[in-house]
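Please consult its sequence and coordinates here.

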Amino acid sequence: MTEHPSLQPYVDAWTHSIDAIAELVQPLVHSEWNRRTECPGWSVRDVLSHIIGVETELLGDPRPIHTLPRDLYHVTDESTRHMEVQVDVRRHHTAAEMTSELEYTVIRRNRQLRNEKRAPDAKVRSVLPGGGEITLETLLRLRAFDVWVHEQDMRRALRTPGNLDSAAAYIARDILVHGLPKVVAKRAGAPNNCAVVFDVHGPLEFMRTVRVDAEGNASVNSSPSLGPAVTFTLDWETYLRLACGRVKPEAVRDRVKIEGDEELAQAILANFAVTP
């Protein structure tokens, strides 16, 4: 247990997901490690390398000194270049090396988290490109989110579904829903005094309404709307894939039901991704 109980749900969610990943990769054969995921340019091995790399940085390990190849098409800016170093440095590691490093990293991180004495609002260094400081609570919430999203990336690539309703899935839902007002009002340019409904079904069910007021400010809550401008009905996994930028709207057209203003709906879908 951490010293502050409010942090424990994030630690537990992270632990559940990273343990699930360890179980998922343990029996993989060579070809499965190289399966392409929906993360551009990344295989199952690469996604795991990314997870390990971030966690080792949180442990205080130095970043590798490594020069990236010039032919990585998915490395397009400083942010992706920063993230790619921890991935590329492990591209030729064996399966045994990968699983052993994951196991050792998880043991070390569990020990670190058990001994965590800082308050939830303590400022810590962000592991995102560009650095900066965030609160410890935000960091742990984002780690639970990131590891679970990547667990799902790997599960889809390996055709091994699961944990779409785990504790981390609810954390992910709240983070992704938080970005809806910006998607609807700012990016898609929804008109003032309108509402957009998202009706999500599947292992994790919820309904959220984004309301744009007379000044163009948007908010989101769980209350229904009478006569919304648009209603989206889709399953949770499709929502996740769209919101995390894993798939283009046209690729899942048959999994998204739209009622209402078609032009606004397409603008929202085109700007739906709230994560890099």
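The model is predicted, so local features need pLDDT of at least 70 and side-chain atom pairs count only at pLDDT 80 or more, while totals for chains, interfaces and linings use all residues. Residues are numbered from 1 along each chain as its sequence is written, and side-chain values use heavy atoms, with hydrogens and water left out.

Me: How far apart are the end C-alpha atoms of helix 1?
Reply: Helices are DSSP runs of H or I with at least four residues, and strands are runs of E with at least two, both numbered from the N terminus. The expected span is 1.5 Å times one less than the number of residues. For the 18 residues of helix 1 (residues 8-25) this should give 26 Å, and the end C-alpha atoms agree, being 26 Å apart.

Me: Against which helices do the buried residues of helix 1 pack?
Reply: Buried denotes under 20% relative accessible area, exposed over 50%, and partly exposed in between (1.4 Å probe, protein chains only). Among the buried residues of helix 1 are Tyr-10, Trp-14, Ile-18 and Leu-24. With contact taken as heavy atoms within 4.5 Å, the buried residues of helix 1 pack against helix 2 (30-33), helix 3 (44-58), helix 5 (95-114), helix 6 (136-158) and helix 7 (167-178).

Me: How many residues apart in sequence are the parts tied together by the pair of Trp-148 and Trp-236?
Reply: Rings of Phe, Tyr and Trp (its six-membered ring) pair if their centres lie within 6.5 Å; planes under 30 degrees apart are stacked, over 60 edge-to-face, and the rest tilted. Trp-148 and Trp-236 are stacked, at 6.0 Å centre to centre and 20° between the planes. Because Trp-148 lies in helix 6 and Trp-236 in helix 9 (residues 236-243), the parts tied together are 88 residues apart.

Me: Is Tyr-239 buried or exposed?
Reply: Phe-206 and Tyr-239 form an edge-to-face pair, 5.6 Å centre to centre with 85° between the planes. Phe-206 has a relative accessible area of 6%. For Tyr-239 the relative accessible area is 0%, so Tyr-239 is buried.

Me: Which helix gives the largest share of the lining of the largest cavity?
Reply: A cavity is a set of points on a 1 Å grid over the protein atoms alone where a 1.4 Å probe fits but cannot get out, and lining residues have an atom within 4 Å of a point. Grid points are joined across faces, edges and corners, and a volume is the space filled by probe spheres set on the points. The largest cavity has a volume of about 50 Å³. Its largest lining share, four residues, comes from helix 3.

Definitions and conventions: On a 1 Å grid over the protein atoms alone, a cavity is a set of points where a 1.4 Å probe fits but cannot get out, and a pocket is an open set with protein on both sides within 12 Å along at least five of seven lines; lining residues have an atom within 4 Å of a point.
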